[in-house]
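The following note sets out numbered points for a colleague's reading of the model shown here.

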Amino acid sequence: MKAEIISVGTELLLGHTVNTDASHVARELSALGMDLLQVHTVGDNPQRLETALREALTRADVVITTGGLGPTEDDLTKETVALVANAPLEEHADSMARLREYFGTRPMSANQAKQGMLPRGAVAFPNLAGTAPGCATPAGDGRWVLMLPGPPSELLPMLHESAVPFLQRMSGAVIASFMVKTFGIGEGTAALRIAELTGGANPTAATYAGDAEMFVRVTAKAQDAAAAEALAAPMVAEVRRLLGDVVYGVNVAGLESVVVSELARLGKTLSTAESCTGGLLAKRITDQPGSSDVFGYGMVTYANEAKQRMLGVQEYLLRTHGAVSPEVARAMARGAREFSGADYGIGITGIAGPGGGTPQKPVGLVYIALSEEENIWVRVMRPQGRYLGREWTRRLASSHALDMLRRCLAGLPVEDQWGLNPA
């Protein structure tokens, strides 16, 4: 099946809002085995949207629109789709009932009420996080237009709960998709390692770059879920074998979820001491359910005085080696562990930029240390050519810290065998 995406909103054209909706929808289409032909962005202009819809329907079996379903005057996606599909808007009883329940005793304006109108013959998609329902509208010759809301908080639940199951029924098959997540290897290197697997039609394997990570998506299609999963399982196992212990999980949320789960399973605890990451590592950990059972202390020791008073970092280390050094990272990790009584301590110190660097210690240099009772490991994160920004540096440093702990908990070598600048 062929698909196209039309993102609606002048704010997208002007660059005021980043179009994350298209990437969310595109990933789901890929997982469903659908061919995405084009992605369009159209402003809040019904004539241009009509042109884009009519053209897309000459090429694609499914056109998915995002945005333009709200109560304001420029939310005209439904009206335009109804025109193109020759399906007049009609009151949809369930959608209108949801709106009335939402407003309760408050007055509901005509603009608000229009959200309960859907094209004739449409299949409604309930909005679990807002007021505007989405829908799938037949557009003739077996083609469909799926309308989804613009705000990601509304789009994502509707996409996963309504649109994806609808598209699965259209395809007449069930898709099983597995995300093999890694840290410490670049997309190019990973693609070479699994090259023998990427040429198949069913199941398929493809590499994707993530947020300072990469993952491999394995997708299989069959008549039912069990058969699809059974078809994909051998390829998932082979991807894991070929990539080795840079794989930290399959269909897991992220490194932090794996670390918190493993700490809880082993009955171990963690404390952190952060300088350049400013508490980001602690935030990523405490974002996870159950983190209170394994994490009690997270200290942001930005100033040298804080490192000395809170962590016991000796003044001579700071004077001799500087705050950004492996020696101070080790002392921070040890101090965090000893101060809290935790089983593990992590210390991070570095230069996140954009200023503060020197030829000897450039922007992007970060030292990450992991301490347990008998061992302390230090990993150095060096600049990777072009400076990618303060937030990227902090995020990558916190991921290195989580990966070090992940490897330690799994009994793997903590030393980074693939280098800290994956290609």
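1. Strand E6 (residues 123–125) pairs with strand E7 in the antiparallel sense over three bridges. Two strands count as paired if DSSP finds at least two bridges between them; strands (E, at least two residues) and helices (H or I, at least four) are DSSP runs, numbered from the N terminus. Within this pairing, Ala 124 stands opposite Cys 135 in E7. This is a predicted model, in which local features need pLDDT of at least 70 and side-chain atom pairs count only at pLDDT 80 or more, while totals for chains, interfaces and linings use all residues. Residues are numbered from 1 along each chain as its sequence is written, and side-chain values use heavy atoms, with hydrogens and water left out.

2. E7 and E8 also run antiparallel, joined by four bridges, and here Thr 137 stands opposite Val 145 in E8. The hairpin of these two strands has five residues between them, and Gly 140 takes a positive phi near 90° in it. Strand E7 (residues 134–138) is mostly covered, with four of its five residues buried (buried means under 20% relative accessible area, exposed over 50%, partly exposed in between, with a 1.4 Å probe and protein chains only).

3. Five aromatic pairs are counted, where rings of Phe, Tyr and Trp (its six-membered ring) pair if their centres lie within 6.5 Å, and planes under 30 degrees apart count as stacked, over 60 as edge-to-face and the rest as tilted. One of them is the edge-to-face pair of Trp 144 and Phe 166, at 5.1 Å centre to centre with 75° between the planes. Trp 144 lies in strand E8 (residues 144–148) and Phe 166 in helix H7 (residues 152–171), so the pair ties together parts that are 22 residues apart in sequence. Both Trp 144 and Phe 166 are buried. Phe 125, Trp 144 and Phe 166 form one aromatic cluster.

4. Tyr 297 and Phe 339 form another edge-to-face pair, 5.6 Å centre to centre and with 90° between the planes. Tyr 297 in strand E14 (residues 295–300) and Phe 339 in helix H14 (residues 326–340) are 42 residues apart, and their pair links distant parts of the chain. Tyr 297 is partly exposed, with a relative accessible area of 39%.

5. Two arginines lie over tyrosine rings: Arg 106 over the face of Tyr 102, at 5.3 Å from the ring centre, and Arg 217 over the face of Tyr 208, at 5.9 Å from the ring centre. The criterion is NZ of Lys or CZ of Arg within 6 Å of the ring centre and within 35 degrees of the ring normal.

6. The largest pocket holds about 380 Å³ of space. A pocket is an open set of points on a 1 Å grid over the protein atoms alone, with protein on both sides within 12 Å along at least five of seven lines; a cavity is a set where a 1.4 Å probe fits but cannot get out, and lining residues have an atom within 4 Å of a point. Grid points are joined across faces, edges and corners, and a volume is the space filled by probe spheres set on the points. Of the 28 residues that line the largest pocket, Glu 11, Gly 67, Gly 68, Gly 150 and Pro 151 are the closest to its centre.

7. Helix H3 (46–57) and helix H4 (77–85) are the elements that give two or more residues to its lining.
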